[in-house]
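I opened this notebook to set down what I looked up, going from the whole chain to a single residue.

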Amino acid sequence: QKRVAQIGRNVSDEAQHVFDNLSKTLDCRWKDKNILVNHLGVRIAPPYRAANVSGKDQKAKQRVQMMLAKFIESFKELKA
């Protein structure tokens, strides 16, 4: 049941890859097409790039942005 909740609806393979990798170390959930990092108070909106990360805590945002860039790059390598 938990795994079912971790599958985004109508999201790209790249978005699911980002979610799967973030959720390995952070408490994440889907809200529509947005990824919410619960304990950090951060939201990632489509198209899931650093500019689409929002939240009040600047350090939390930077942490998620850094992780996001890494996961986007690893997705590109998988598809290459």
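The entries below begin with how I read the model and then take up the chain and one of its loops.

I am working with a predicted model, in which local features need pLDDT of at least 70 and side-chain atom pairs count only at pLDDT 80 or more, while totals for chains, interfaces and linings use all residues. Residues are numbered from 1 along each chain as its sequence is written, and side-chain values use heavy atoms, with hydrogens and water left out.

I looked up the secondary structure and found three helices and four strands, taken as DSSP runs (helices H or I, at least four residues; strands E, at least two) numbered from the N terminus. Along the sequence they follow the pattern α-α-β-β-β-β-α. The radius of gyration, taken over C-alpha atoms, is 12 Å, close to the 12 Å from the globule rule (2.2 Å times the number of residues to the power 0.38) for 80 residues, so the chain is as compact as a globular protein of that length. I also noted that the C-alpha trace spans about 30 × 30 × 20 Å along its principal axes.

I then checked burial: 40% of the 80 residues are buried, where buried means under 20% relative accessible area, exposed over 50%, and partly exposed in between (1.4 Å probe, protein chains only).

Last, I turned to Arg 9, which sits in the loop between α1 (2-5) and α2 (13-22). Arg 9 counts as exposed because its relative accessibility is 71%. From Arg 9 to Trp 30 I read 21 residues in sequence and 8.6 Å in space, C-alpha to C-alpha.
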